[in-house]
Amino acid sequence: MAEALLSLSDIVVRHGDSTVLHLSRLEIRRGEILAIIGPNGAGKSTLLRVMGLLQQPSEGKVLFQSEEARRENVLLMRRRMASVFQEPLLLNASVYENAALGLNLRGLDRAEIRRRITPWLERLSIAHLSSRRVRTLSGGELQRTSLARALALDPDLLLLDEPFSALDPTTRESLLGDLQDILKQTGVTTVFVTHDRHEAFMLGSRVGVMREGKLLQVGPSLEVFTRPADESVAEIVGADTRIPAVAERSNDGVTRFRFDGGVAEATGAFTSGARVIFCIRPEEIILSAARDREKPNHFTVKILKIIPSTLHYRLLLQCGDSRLSALVTRSSFMDLGIKEGDDITASFEAAAVHVIGKE
Amino acid sequence: MALIWDGIVTAFALVFGGDAEVWSITWLSLKVSGLATLISLVVGIPLGILLAMTRFPGRSLAVASVNTGMGLPPVVVGLFVSIFLWRSGPLGFLDLMYSPSAIVIAQVVIAFPIVAGLTLTSFQTLNPNLGLQLLGIGASKPQLLWLLCKEARLPLLAAVMAGFGGVISEVGASMMVGGNIRGQTRVLTTATVLEAGKGNFDLAIALGLILLALSFAVNFLLTHIQQREQIRWPKPS
């Protein structure tokens, strides 16, 4: 396992009487991209400010490169980091002056600053705007300037606080793609806070899930998205189908569960009578017109609602008293020729079910 | 009309004729009010920043006091500064009464709340997260303050103009603590009052015009600096 660049232990942040962040332990490993997701008010930005040594926690310790952050060394440590925020606040000056600001604050000479800034202005496609005043820029250009300002510092730790959430979808896509390439090429250790699970999955090598000031789960992206630790995490990572079920019997590593809508199988051995939550990601549910409900994990369901989006159709399905959520591509949806109120067969693999409960 | 015209002619004659007394009065006015403005900036800007960026018990009271101070009547300031500097007053041992220093003190009392109040307002117009973002790219605390001052420079220049305008034009305090002593504490405003009282309207108008020209010149310079960065609003279609 890679060495920890930043460690947080027993961190508590209070605002008045309320605790906005409570974290027992978190390590940022050198070279990783940790994406933190969670709903608004989960404490993500507070966590990032604590990591960036921009906010002193009410309790707990922050270690940067194995050294505890204290008043005497906090500036030196902060100068090994760079933060980019949702709203890029730049000085009333040119793009170049803003991009050069962090290097200027470190007392570098002009030639060195120019040498370090120019490639980033080019890399982020804002070299042609270099002499423009920032108040004439678009939101995307402002955020690119803000990124150039941070990346030119060649930081050991890059902290990104929802940098794309205020941008229009096209600009966001383009900037997200650029950032993905840059992070890959530079290998800079990054903590990326977002409320968008797609951004988190796209950028993060590890994902942390937060709610109400607590870190509920942290682990490799795929694991967190497919094996959420609890129902709350499942909801945040988009495992929309969550059904209470009771284990009946296990055989050869597969357990039969009864739920309000039928009997289903999931991989794993569970004690008979165990009460669990069945989690299935919407893309794991397969819809077909064929009536083969006799097969395991095949159910006849009623289509309650069809929600179209640019890439997919989301379908809310009724199975007994349980609700399922499925995603189908536009072409599959057209092939199925379905409408709200129709009955259809929904199925899923036993391995696609993630069971939350005692194994 | 003839009176005003005579005044203008006299003004030009005095200024361009090199009248020593008028030049010394003008120079003293500029020195006293310039120094008072400078001291007010040194005291008022940090006070304004402190009030804008920190929270402490009694802050509202302090802000209300500064705001009240922005409209202090110069005569009242003159009265209290006189009491303090009077021979038997708490600061009488300094022996400053009826000296240019006394005028500077009174003018600082008039100008620093104006500077502090406008600094407070200008810092409160900055986005509070700007400071956090500057710290986030490695600014030290002094660098942060310097950058925030630079960012608020346009309204801060307005504070300088208002401070200087407030003291160069006041007469009550200068009269009370300076005494309008010829060759020592006579400044443009007190000299204007004196000459008008004696019926020398041409001289009074001349002094008034010089005061006006001086005030305009300083404000023009500061306005020029300020307006170089004017935001160009789009024309309505």
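# Talking through a two-chain predicted model

Student: How many residues does the largest nonpolar core have?
Tutor: This is a predicted model, and we can start with its cores. In the largest nonpolar core, the residues with the most contacts inside are A:A35, A:A99, A:A148, A:V191, A:F278 and A:A326. The whole core comes to 99 residues.

Student: Which element gives the most to the side of chain A that touches chain B?
Tutor: Overall, 19 residues of chain A are in contact with 14 residues of chain B. On the chain A side, α2 (74-78), β6 (81-84), α4 (101-105) and α6 (139-151) each supply at least two residues. With three residues, the top giver is α4(A).

Student: How many residues on that side of chain A are nonpolar, and how many are polar or charged?
Tutor: Let's sort the side of chain A that touches chain B by class. Four residues there are polar and five are charged, while the nonpolar ones number ten.

Student: In which sense do β9(A) and β10(A) pair?
Tutor: Start with the other pairing of β9 (residues 206-211): with β3 (residues 33-37) it is parallel, over four bridges, and A:I36 has A:G208 as its bridge partner. On the β10 (residues 214-220) side, A:R206 stands opposite A:P220. There are six bridges between β9(A) and β10(A), and their sense is antiparallel.

Student: Which residue in the hairpin of β9(A) and β10(A) takes a positive phi?
Tutor: The hairpin has two residues between the strands. One residue in it takes a positive phi near 50°, and that is A:E212.

Student: Is A:E162 buried or exposed?
Tutor: A:E162 sits in the loop between β7 (157-161) and α7 (169-186) of chain A, and its phi is positive, near 45°, though it isn't a glycine. The cut-off for buried is 20 or more other C-beta atoms within 10 Å. A:E162 has 21, so it is buried.

Student: What about A:Q65, how many other C-beta atoms lie within 10 Å?
Tutor: A:Q65 is in the loop between β4 (59-64) and β5 (67-68) of chain A. Its phi is also positive, about 50°, without being a glycine. A:Q65 is partly exposed, and the count is 14.

Student: Which residues of helix α10 of chain B are buried?
Tutor: This helix spans residues 188-197, and just after it B:G199 takes a positive phi of about 90°. The cover over its buried residues includes α2 (20-53), α9 (172-178) and α11 (201-227) of chain B. The buried ones are B:L188, B:T189, B:T190, B:A191 and B:T192.

Definitions and conventions
Residues numbered from 1 in each chain as written. Chains lettered and ligands numbered in written order. Predicted model: local features only at pLDDT ≥ 70, side-chain atom pairs only at ≥ 80, totals over all residues. Core = buried A, V, L, I, M, F, W, Y, C linked by C-beta atoms within 7 Å. Buried ≥ 20, exposed ≤ 12 C-beta atoms within 10 Å, placed from the backbone. Contact = placed C-beta atoms within 7 Å. Nonpolar A, V, L, I, M, F, W, Y, C, P; charged D, E, K, R; others polar. Pairing = 2+ DSSP bridges.
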